[in-house]
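Subject: Structure for your review

Dear colleague,

Please find below the structure that I am handing over to you. I would be grateful if you would read the notes after it with the model open.

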Amino acid sequence: MLSLRTTHGLRANEGLPVDAASYNFREMELHKKELPPIGTNAYCLTDSNRGEAIVIDAPEGGFAWASAIAKGAGCKIVALILTHGHWDHMLDAADFDAAGIPILLHEADRELLERPECMRDYTLPGIELRNAKISRWLQAGETLELLGRSMEVRPVPGHCPGNVLIYCAEGKLAFVGDAIFAGSMGRYDLPGGDLDQLEHSIRTQVYTLPEDTVLYSGHGPSTSVGAEKAGNPYVRP
Ligand SMILES: [Zn+2]
Ligand SMILES: [Zn+2]
């Protein structure tokens, strides 16, 4: 049974656009938390049977939050996947690194990681950008085996060069970073962004997923492929 938790406790149907009953697959649980400083979502997928967890994105406080979730579920965090290399999604990556947790990021965002000063105009005053070591550079189209499930890495550039979508067919869910939001789409005016590319990514990589796939974005509520194809005002199928 997959359920969605916040720090306020179990809210099985919170934000889910389809019947939560469709989420019963092998003992995987999804936890979500919006974190500072600009309201970026962190996700933690736990599998108590395997004793393993993975974390998607690392905003400020993400390491402490995910560590507590994993511990509570009797799980060890086996990977941190960064959906892309923007600072608000990896403020805590150095803490995962220090704890020996492998970090995965698409190679097209290597420059964002190694030259964070290129985003200086877009960060907040006083934000400390700490370097983290990437253990594995993701390739578009590869399939990761995590928590005993296949997770497909789909490229969705346009918000930035290395934004990826992590698709778990078994869970009928995808983590999409900042490519698409419920009723909206990502910015394309940041370094490396491109509107045409972003629209193309959404049409070819997001809208081609099964309609009942739940999309978990880097900001805001979850949505589904079907809901966005039907109603997203920015990118029509
Ligand atoms: Zn971003
Ligand atoms: Zn973001």
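The notes below go from the protein as a whole to a helix, a sheet and a single residue.

The model is a predicted one. Its secondary structure amounts to five helices and 16 strands. Of the 237 residues in the protein, 47% are buried.

Helix α1

Helix α1 spans residues 62–72, and its buried residues are G62, F63, W65, A66, I69 and A70. Viewed down the axis of α1, these buried residues fall within an arc of 165 degrees, so they line one face of the helix. On the face of α1 turned away from the buried side, the exposed residues are A64, K71 and G72. Just after α1 comes G74, with a positive phi of about 70 degrees.

The six-stranded sheet

An open sheet is formed by six strands in the order β9-β10-β11-β12-β15-β16, and its pairing is mixed. The edges are held by β9 and β16 (223–224), each of which has a single partner strand, so one side of each is left without a neighbour in the sheet.

Both senses of pairing can be illustrated. Strands β9 (residues 143–146) and β10 (residues 149–155) are antiparallel and share four bridges; in one of them, L146 has R149 in β10 as its bridge partner. These two strands form a hairpin with two residues between them, and L147 in the turn has a positive phi of about 55 degrees. By contrast, strands β12 (residues 173–177) and β15 (residues 214–217) pair in the parallel sense, again over four bridges. Here L173 stands opposite V214 in β15.

Residue R236

R236 lies in the segment after α5 (225–231). R236 counts as partly exposed because it has 13 C-beta neighbours inside 10 Å, whereas a residue is exposed with 12 or fewer. R236 and I202 are separated by 34 residues in sequence, and the distance between their C-alpha atoms is 9.3 Å.

With kind regards

Note on methods. Residues are numbered from 1 along each chain as its sequence is written. Chains are lettered from A and ligands numbered from 1 in the order in which they are written. This is a predicted model: local features need pLDDT of at least 70, side-chain atom pairs count only at pLDDT 80 or more; totals for chains, interfaces and linings use all residues. A residue is buried if 20 or more other C-beta atoms lie within 10 Å of its own, exposed if 12 or fewer, and partly exposed in between; C-beta atoms are placed from the backbone. The arc is that of the directions from the helix axis to the C-beta atoms. Two strands pair if DSSP finds at least two bridges between them.
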